[in-house]
Amino acid sequence: MFVIFDNDKSDENLVSVSSVRIISMRVPEVLQYGTREAVTLDCDYITKNVTGLVVKWFFSDRSQPVYQWIPPQKPQALGILKNKLDLNYKISHNPYTQHRALRIVQPSTELTGNYTCVVSTFLAEDERTRPMTIFVPEKRFDMIMDRLSDGYLNIICSVEGVFPQPELVILAGNRPLNAKSSLNMIDGRYTALTSAVVKIDYLPPTVEILCDMQVPLANYFSRKRDIFYRDPPPTTLDPPGTSNSQFAKDDGHSTQCRLTLIIVMLFMYFSLRYS
């Protein structure tokens, strides 16, 4: 949108004539990685004086622009956005607004952050900032429970291949447990592990164990659940092909306490803790 006023207007209109104002900024708040070939970040403005008009975009801070357009010149991609923009993209037919938007091609996780649009003339300036998160769901999410010989229950929860940073919480009967956590980044993705040890006698006879994983920046939530029996069934001679277990599956979301999985997750835990 572009507005030009007649230069013969009276002096009382000089303040409004010199103004520039951003009227809307459209940036996708959350975008799942790999679902879009390109994404548009738009910064719509009105100005009543185009003398010295410059449109700049900044990423994360105001130290260096990542995009600059000075009509009627061609736009420039700079810094982290160099070679990642479609510089031929036009969002309008107006020669003073057509290149105001960013058209990011193949957006990736390193482009997660705050984007600031600055529109200025020789006489005025306006700016707005919006965040964009490029989210990667977890590649693997596990929870195991291990009844220790000293009367304690060890609960381990792990997640792999997620971005941005996840948060893990272990709960027993909807009560958060004190836990130790480790976090590491591998190839641009987070691997997190948390573990809690609780005395079995402190637990109800039957209790639901939960592991909640959330990614706050992406408004994403996932959960693993299992049922723990404080007093396991008595040992009996079972018919062939049957077995007793102290863990009960819950609608396909639980994991069995397998020795191999325990060893793998413990290895992950100590690798992350001492790396």
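A charge is taken to sit over a ring when NZ of Lys or CZ of Arg is within 6 Å of the ring centre and within 35 degrees of the ring normal. Arginine 62 meets this rule over the face of phenylalanine 58, at 4.7 Å from the ring centre. The charged end of arginine 103 likewise sits over the ring of tyrosine 89, 5.4 Å from its centre.

The model is predicted, so local features need pLDDT of at least 70 and side-chain atom pairs count only at pLDDT 80 or more, while totals for chains, interfaces and linings use all residues. Residues are numbered from 1 along each chain as its sequence is written, and side-chain values use heavy atoms, with hydrogens and water left out.

Now to the ring-ring contacts. Rings of Phe, Tyr and Trp (its six-membered ring) pair if their centres lie within 6.5 Å, with planes under 30 degrees apart called stacked, over 60 edge-to-face and the rest tilted. The count comes to three aromatic pairs. One of them is tilted, because the rings of phenylalanine 135 and tyrosine 220 have centres 4.7 Å apart and planes at 45°. This pair links distant parts of the chain, 85 residues apart: phenylalanine 135 in strand β9 (residues 125-135) and tyrosine 220 in strand β17 (residues 220-229). Tyrosine 220, at 22%, is partly exposed, the class between buried and exposed (over 50%).

Phenylalanine 163 and tyrosine 190 form a stacked pair, 6.0 Å centre to centre with 20° between the planes. Both phenylalanine 163 and tyrosine 190 are buried.

Definitions and conventions: Helices (H or I, at least four residues) and strands (E, at least two) are DSSP runs, numbered from the N terminus. Buried means under 20% relative accessible area, exposed over 50%, partly exposed in between (1.4 Å probe, protein chains only).
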